[in-house]
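Here is a short report on aromatic rings and their partners. Look at the rings first, then read on.

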Amino acid sequence: MAAGKSLNRVGGEWTEPSTGRWFEDRDPAAPEEVVGIFPDSGAADADRAVAAARDAFPRWARTPAPKRAEMLYRAGEILKRRKDELAHIMTREMGKVLAETKGDVQEAIDTAFYAAGEGRRLFGETTTSELPDKFCMSVRQPIGVCGIITPWNFPMAIPAWKMFPALLCGNTIVFKPAHDTPASASRFVEVLVEAGIPDGVVNLLHGHGREVGTAIVEHPGVNLISFTGSTETGKKIAQQCGGQLKRASLELGGKNGMIVMDDADLDLAIEGAVWGCFGTTGQRCTATSRLILHEAISAEFTERLVRRARALRLGHGLEPGTDVGPLIHEAAREKVHRYVEIGKSEGAELLCGGRPVDAGKLRGWFYEPTVFGKVLPNMRIAQEEIFGPVVAVLEVKDLDQAIAVLNGTRYGLSSSIYTADVNRAFRAMRDIEAGITYVNGPTIGAEVHLPFGGVKETGNGHREAGPQVYDVFSEWKAIYVDYSGKLQKAQIDSQPS
Ligand code: NAD
């Protein structure tokens, strides 16, 4: 093994890729710096990893759930111990500021402890029978080998959201992290190894989606795909899984809106908007990308937001005082800039930002926090996911119009309303089409014991986190025990007519 190279993990061994190819992981805030070198895996690696996961499955599935839970608890403790180091490497490879990468690791810790608690629950049901001397129950069973495919924006939280419940339910895993954040993924798997997860139960394949990702999705030995990423990739994966009747849980894009009514606490709403729009450089699936403002407060709110956006300090995420890090890579910055040009050509008013930043110490993929005013609901910048520090401000006359505008996209992940009127809040909670609605909070920030996911083209109806995720990673089995000693026929009339 050459120095600086990390490896795949297959069947309990750290292994080189069958392709002989490698790729570099670079710091988006200082792209000349190589964080590490990782395997560019191919289909033969997927074959080996799936075989290892299948081999490990029966033993892991029969390990009592409370024992599996103990290992996850240990993983939580190791993550806690290594939190600072893990956050540091995560900031280096994906750019978000240290406080946020610590939050990312914390989400993995919370998920580990939550899953560990489930080890002594995983409740099924017992119920009555329509026949005498018969016992009925339902139990959860593992599904088999899960293909776990994740994006780069939450390099530890999202793998944890998927893998801890999958493992707790007794499944084995082939994990393909985003190729932009391989170092965080390798560290995460190291933690699982240290926690005692047996060989073959978690297999890690680095590489690109179109090659090793596709090989995992299409592999007949993989029973389930849990994917988080773009809606475009999600649709492709849904078709591939559909062809094999393979379960697919898809968490996809968003175009999240925040409504601010005329009775809102504007100081609070401004704080929420700055965090929701520009936190993680706007690269969260739940980022606020549309501000839907009541006309009575729109001018004041926009002016204050622009002032705050201009004051945000761009920098390396490891530097104290940095508010906003870089975009993930050059192509992401080009995409953001393309959308800024589209916004201008559509007639929206560029109020601040709108340019890439390459000055002084800022050598990476930085982009100015950008606010567009006079945006109309059908403009592309109000409809399409930009995934960067760009927010569209739309003005409305009342709550009905605000909700109609908020609902008027193909996505439905997160949403928010700022109002002091409880009646308006409850109408919004009922009528907004989204998987998540905040009242008097921004669109970002999720707690791991509540369901996470979206409606419309944000997903395919499943939820991560919360008790609901255990339905993704387990199969329900109904069990009937007839202790009458004779043949009893359900639904068949046993009385002579
Ligand atoms: P992406 O779809 O490009 O990639 C996601 C993952 O899929 C990566 O690991 C990639 O290598 C892999 N992949 C790509 N093409 C594949 C293919 N054909 N077959 C199998 N795997 C493939 O997304 P991204 O750019 O990494 O992430 C950003 C997107 O993720 C945004 O749209 C964002 O909204 C979304 N996201 C959604 C959630 C959510 O919970 N809903 C959370 C975070 C991010």
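Predicted model: local features only at pLDDT ≥ 70, side-chain atom pairs only at ≥ 80, totals over all residues.

The structure holds six aromatic pairs. Two of them are described here, including one between tyrosine 73 and phenylalanine 113. That pair is tilted, with 4.7 Å centre to centre and 40° between the planes. It links distant parts of the chain. Tyrosine 73 sits in helix H2 (residues 65-81), phenylalanine 113 in helix H4 (residues 98-118), and the two are 40 residues apart.

How exposed are these rings' residues? Tyrosine 73 is partly exposed, at 40% relative accessible area. Phenylalanine 113 is also partly exposed, at 26% relative accessibility.

Next comes the pair of phenylalanine 164 and phenylalanine 188. The ring centres are 5.6 Å apart and the planes meet at 50°, so this pair is tilted. Phenylalanine 164 belongs to helix H5 (residues 157-168) and phenylalanine 188 to helix H6 (residues 182-194), so the pair ties together parts 24 residues apart in sequence. Is phenylalanine 164 buried or exposed? Phenylalanine 164 is buried, with a relative accessible area of 0%. Phenylalanine 188 is buried too, with a relative accessible area of 0%. Buried means under 20% relative accessible area, so a value of 0% qualifies.

| Charged residue | Ring | Distance to ring centre |
|---|---|---|
| Lysine 5 | Tryptophan 22 | 4.3 Å |
| Lysine 96 | Phenylalanine 154 | 3.8 Å |

Lysine 5 lies over the face of tryptophan 22. For lysine 96, the charged end sits over the ring of phenylalanine 154.

Note on methods: Residues numbered from 1 in each chain as written. Heavy atoms only, no water. Phe/Tyr/Trp six-rings, centres within 6.5 Å; stacked < 30°, edge-to-face > 60°. Helix = DSSP H or I, 4+ residues; strand = E, 2+ residues; numbered from the N terminus. Buried < 20%, exposed > 50% of the residue type's maximum accessible area, 1.4 Å probe, protein only. Lys NZ or Arg CZ within 6 Å of the ring centre and 35° of its normal.
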